[in-house]
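Work through these exercises on charged side chains. Try each task before you read its solution.

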Amino acid sequence: MTFKVYYQPTKTATPRRENTHVLYMEADSEAAARQTVENNTEYSIEFIELLDEKSLEFEKKDPNFKMTQF
């Protein structure tokens, strides 16, 4: 399954919409995606969205689309 993870780059700063970033990753579940990001980064996760095929194809049209590997 492919997930879109919305996050703040640091856990210490106050969350601001302008600082929200996204990454795309493959995981077996939302919990596994969260655990992987938490174990490998200092990011503060805001939201994790499961992407269906149609949504994934739309996201791939963005020139900045990149699947993250940990």
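Buried means under 20% relative accessible area, exposed means over 50%, and partly exposed lies in between (1.4 Å probe, protein chains only). This is a predicted model, where local features need pLDDT of at least 70, side-chain atom pairs count only at pLDDT 80 or more, and totals for chains, interfaces and linings use all residues. Residues are numbered from 1 along each chain as its sequence is written, and side-chain values use heavy atoms, with hydrogens and water left out.

**Exercise 1.** How many salt bridges does the rule give?

*Solution.* 
- The count is 3.
- One of them joins glutamate 59 and lysine 4 at 3.0 Å, N to O. Glutamate 59 sits in helix H2 (residues 53–60) and lysine 4 in strand E1 (residues 2–8), 55 residues apart. Helices (H or I, at least four residues) and strands (E, at least two) are DSSP runs, numbered from the N terminus.
- Glutamate 59 has 12% relative accessibility, so it is buried. Lysine 4 has 11%, so it is buried.

**Exercise 2.** Where do glutamate 57 and lysine 60 lie relative to each other in helix H2?

*Solution.* 
- They are 3 residues apart, which means about one helical turn.
- Their side chains meet in a salt bridge at 3.9 Å, N to O.
- Glutamate 57, at 42%, is partly exposed. Lysine 60, at 43%, is partly exposed.

Terms used. A salt bridge is a side-chain nitrogen of Lys or Arg within 4 Å of a carboxyl oxygen of Asp or Glu.
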